[in-house]
Amino acid sequence: MLSTRSRSAAALRARIRPRAARVALASGARRWKSAMVESYDEDDDEDLRFSGHTGGQLVHASLVECGVQHVFGYSGGANLPILDQFSESPIQFVMNRSEQCCGHAAEGYARSTGRVGVVLTTSGPGLTNIITPLQDAKGDSTPMVALSGQVPLAAVGSDAFQECLAVDLTRPCTKWSYQIKSVEEVRSVVHEAFHVAASGKPGPVHLDLPKDVMTAVLRGAGVPLPMLPPPVTPSKAVLEEVARMLSVAEKPILYGAVAGSEELRALAAAANVPVTTTLHAMGVFNEEDPLSLHMLGMHGSAYANYAIQEADLIVAIGSRFDDRTTGALAQRVVQPTVAVPGDCVAAMRLLLPLAMRMLLPLADFPFSYTRMPDGRIKTQQVIEALNLGFKPQREKLVVATGVGNHQMMSCQFLRWSEPRSIVSSGSLGTMGFGLPAAIGAQVAQPDRIVLLVDGDSSFNMTLHDLGTVKERPPPCHDGQDAEHQLPIKMAIMNDGAQQMVKVWQKLFFDGRLVATDNVNPDYVALGEAYGFESFSVDNVDDLPAAVERFVNATGPVLCDFRVVPDICLPMVAPGKGLQEMFLPGSISFDDEQMPEMTGDAPS
Ligand SMILES: Cc1ncc(C[n+]2csc(CCOP(=O)(O)OP(=O)(O)O)c2C)c(N)n1
Ligand SMILES: [Mg+2]
């Protein structure tokens, strides 16, 4: 990020990754016995409460012990002994329409709350269907526990029906993947899985559960619960060094942090340092605050990109310098000048009393776009109208997105003021993520307003999960059953294209368009087929009324916003520094005016 400019204050440049500490977990290894052990419950060795339970019952009991309230899952022969436990359970079981959707729903659940999302699949295709969500959760540091059924241990490795080498498949896309081999270890392993998923840098854990282990009966106490290491405390001395750097920096900037909204706001105010956020952190810092520079990166605000390029001190909080946020870098891995391992929120708390300085940010180059002269509407325009429509209820809003222009335009044209208000696939960029993730967020928080801003192509990938929106599962421990539907507001930015990629074809492949136009279903008819209030709008005159109807709908509602395709600006072309971005107005989606680019298209 800073490699393109050398400045005299280079010695001050810091790239601090407070979460650089990782839980060191080689896959397959599952015991910590170190001097760091905080407590160990000796009584647990004698715990006979679970003697006589089956493996399936132990899994369920462990989920309850770990505070699980919702599981997203799908049935199958291999997971029946576990599924059976949910016939009478304090845990609400949500059946999405495919395992991929279960996985994304668990991600939406986790990201909008900070709690661990839980998924249950069957063996074979059930498990392979969650590879994408697992990788997505790994890339975006989302705590998730995935449980898969498996053929009986004796059949493992025999190419049995619906057998796959589950743990081998999930090893690279999880923090830890493990096949439970005896009923004795079930409770201990499940507890440990939740710890691994939620601690250090959060991420997904996969447990494979052979059917015979799930039907076996525990005799005696079983393996004691794991001994867990205490969290790393950020070093006061290192934070004093950070405070010193902050006090002498001329152009510092704060970047990142998904958690610790209050701490970040206090820190920015005390030190008077501007804040830019990544996709996942939208809202952690109030964008109405004059210190807010909004999102940075490939489609970030021009002022954030200029500011971070010019900064002599970057305080990165829980961020990992993804290439979508850095632009061209000499090295893929950014080495911090000072690293503060430990919990970000704790680090910010400790830094707060030490940090004081004066500086005012520069906010120029606003997000903008060109309106159509004939009254047709653009995605940016719709999102601006949605922003206005939902403004009075912004504290309650959670926004899920697909992947593409509409995703970036949501970041640009919605104003974000609340933490955990965006649910979006950042690292993996998974089309089809939006609808199931919205479902997960709504299941987790029935009182919040869940808005899905989806692209037509992204929506097409998982639209079968409309069935889950329609049939909310029966009431459970919380007694919510006012309406058997999830009141998700689904806004489809229907530009008839995979527009983000189509733009790249125009820019980098001499305008040759291959397989980036869509033939879409009639979304209004589709919504009605599922029993939702559904309508469409395609012009600026009808837009305010359509948005009002959309905002005020009480149940699930689908609006097909028929929009004119556009390019998303600002845009940093591949291989370029952030300061070399195309600004709004500099290029348009018109054939004639598109400049031809050299170099690789974005990946
Ligand atoms: C599963 C998956 N396949 C392919 C891609 C590559 N890709 C990135 S954006 C995009 C187009 C998205 O189209 P749409 O959802 O309609 O959004 P738009 O850009 O038109 O707003 C594609 C194909 C992806 N990100 N995910
Ligand atoms: Mg599209």
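The model is predicted. Its chain has 603 residues, and 57% of them are buried. The secondary structure comprises 21 helices and 17 strands. Among contacts between residues at least 6 apart in sequence, 77% join residues at least 24 apart.

**Confidence**

- Mean pLDDT for the chain is 87, with 86% of residues at 70 or more.
- Residues 1-42 fall below 50 in pLDDT. Beyond near neighbours in sequence, this stretch still has 130 contacts in the model.
- A further stretch, residues 475-483, stays under 50 as well. The model gives it 19 contacts beyond four places in sequence.

**The four-stranded sheet**

- Four strands form an open sheet in the order E9-E8-E7-E10, and the pairing is parallel.
- The edges are strand E9 (292-295) and strand E10 (313-317). Each has a single partner strand, so one side of each lacks a neighbour in the sheet.
- On average, neighbouring strands of this sheet are turned by 20° against each other, direction ignored.
- Helix H11 (residues 302-310) packs on the sheet and touches E7, E8, E9 and E10. The direction of H11 makes about 105° with that of E9.

**Strand E7 and its partners**

- E7 is mostly covered, with five of its five residues buried.
- Two bridges pair strand E7 (residues 252-256) with strand E8 (residues 275-277) in the parallel sense.
- Leu254 stands opposite Val275 in E8. Tyr255 has Thr276 as its bridge partner in E8.
- E10 pairs with E7 over five bridges, again in the parallel sense. Here Tyr255 stands opposite Ala316 in E10.

- The buried residues of H11 are Ala302, Tyr303, Ala304, Asn305, Ile308 and Gln309.
- Their cover includes E7, E8, E9 and E10.

**Strand E17 and its partners**

- Strand E17 (residues 557-564) has seven of its eight residues buried, so the rest of the structure largely encloses it.
- Strand E11 (residues 377-378) pairs with E17 over two bridges in the parallel sense. Lys378 stands opposite Val564 in E17.
- Strand E15 (residues 489-494) runs parallel to E17, and six bridges join them. Ile492 stands opposite Asp560 in E17.
- Strand E16 (residues 533-537) pairs with E17 in the parallel sense, over five bridges. Phe535 stands opposite Cys559 in E17.
- From E16, the chain crosses through helix H21 (residues 543-552) to E17. This β-α-β crossover is right-handed.

**The magnesium site**

- The magnesium ion (ligand 2) has three protein donors: Asp456 (OD), Asp495 (OD) and Ala497 (O). They lie 2.1 Å from the ion.
- Along the chain, the donors follow the spacing D-x38-D-x1-A.
- Asp495 and Ala497 are both buried.

**Gln57 in helix H1**

- Gln57 is part of helix H1 (residues 55-65).
- Its relative accessibility is 32%, so Gln57 counts as partly exposed.
- Leaving out residues up to four places away in sequence, Gln57 touches Gly52 and Gln85.
- Gln57 and Leu218 are 161 residues apart in sequence. From C-alpha to C-alpha, Gln57 and Leu218 are 10.0 Å apart in space.

Terms used
Residues numbered from 1 in each chain as written. Chains lettered and ligands numbered in written order. Predicted model: local features only at pLDDT ≥ 70, side-chain atom pairs only at ≥ 80, totals over all residues. Heavy atoms only, no water. Pairing = 2+ DSSP bridges. Axes fitted to C-alpha atoms, helices over the stretch in contact; angles between N-to-C directions. Contact = heavy atoms within 4.5 Å. Donors = N, O, S within 2.8 Å, 3.2 Å for Na, K, Ca; no water. Buried < 20%, exposed > 50% of the residue type's maximum accessible area, 1.4 Å probe, protein only. pLDDT = per-residue confidence, 0-100. Right-handed = clockwise from strand over helix to strand, strands pointing away.
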